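Reader: Please take one part of this protein and go through it closely. I would like to hear about the nonpolar patch on its surface.

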Amino acid sequence: MKLLKGFGDEMPGEAELKPQKEKRGPYGRYFKRPLDFVLSLGAIIILSPILLLIALLVRIKLGSPVIFKQQRPGMNEKIFTLYKFRTMTDERDEKGELLPDEMRLTDFGKFLRASSLDELPELFNILKGDMSIVGPRPLLIEYLPLYNAHQRRRHEVRPGLTGWAQVNGRNAISWEEKFNYDVEYVDNLSFFLDVKIIFLTIMKVLQREGINQEGRATMEPFRGSQQAGQLHENKL
């Protein structure tokens, strides 16, 4: 078994992320992106009736806009607009401030998240080249200054619709564990690993495991890590 090594003692955000080409090996350089394009286009065509139905239900049950858009960092920390179906209402208190997430997340929204149907519009992100089918999940822009040098390596590849961290606990594991799994993926990227992750993702969605952190409607925000790079057993 191999272990991931730490990456020095740099403080979060200290190291510069150098531009990278999608990697590793021939698959990462030459085949992963074309395969993403073909598969995402095919999925959009095949799933178009489901996409339209979900959009209609979201409009009726949760209101407008149907698509939730948010800026996220992608490969080499390049910012792009992420697309998802909205899962929460815009309910506000008497001061006009949004209610807590758990109060705005409806049963229908919970169903969309549990089934991962809210993620389907990201197929258009994959088609555009902002994302890949498999890769580290794109997180919030405000997390960028909080990453240490080890954690920032997750941006050496395109973010994914699903990833190694998602099939190893999703939102039920700690941020540090997630980032370690992300870097493991970067260092071991291959066609067979992508196939394995897609298969495991289907199993996890059917089992509805790790959808939320215990006691929370969404994952607790990342606030930075005290460790610059943890040793982590490679389970690939």
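Author: The largest share of the nonpolar patch, three residues, is supplied by α7; helices (H or I, at least four residues) and strands (E, at least two) are DSSP runs, numbered from the N terminus. This is a predicted model, in which local features need pLDDT of at least 70, side-chain atom pairs count only at pLDDT 80 or more, and totals for chains, interfaces and linings use all residues. Residues are numbered from 1 along each chain as its sequence is written, and side-chain values use heavy atoms, with hydrogens and water left out.

Leu35, Leu39, Phe191, Phe192 and Val195 make up the patch, which covers about 480 Å². Areas are from the Shrake-Rupley method with a 1.4 Å probe, and for residues only the protein chains shown count as cover. Two or more residues each come from α1 and α7.

Leucine 35 lies in helix α1. Leucine 35 counts as partly exposed because its relative accessibility is 32%; buried means under 20%, exposed over 50%, and partly exposed in between (1.4 Å probe, protein chains only).

As for the whole protein, 47% of its 236 residues count as buried. Its accessible surface comes to about 12700 Å², with 59% of that belonging to carbon and sulfur atoms. The protein has seven helices and six strands.

Terms used
Patch = residues over 30% accessible without salt bridge, like charges linked within 9 Å, V, L, I, M, F, W, Y side chains within 5 Å. Salt bridge = Lys/Arg side-chain N within 4 Å of Asp/Glu carboxyl O.
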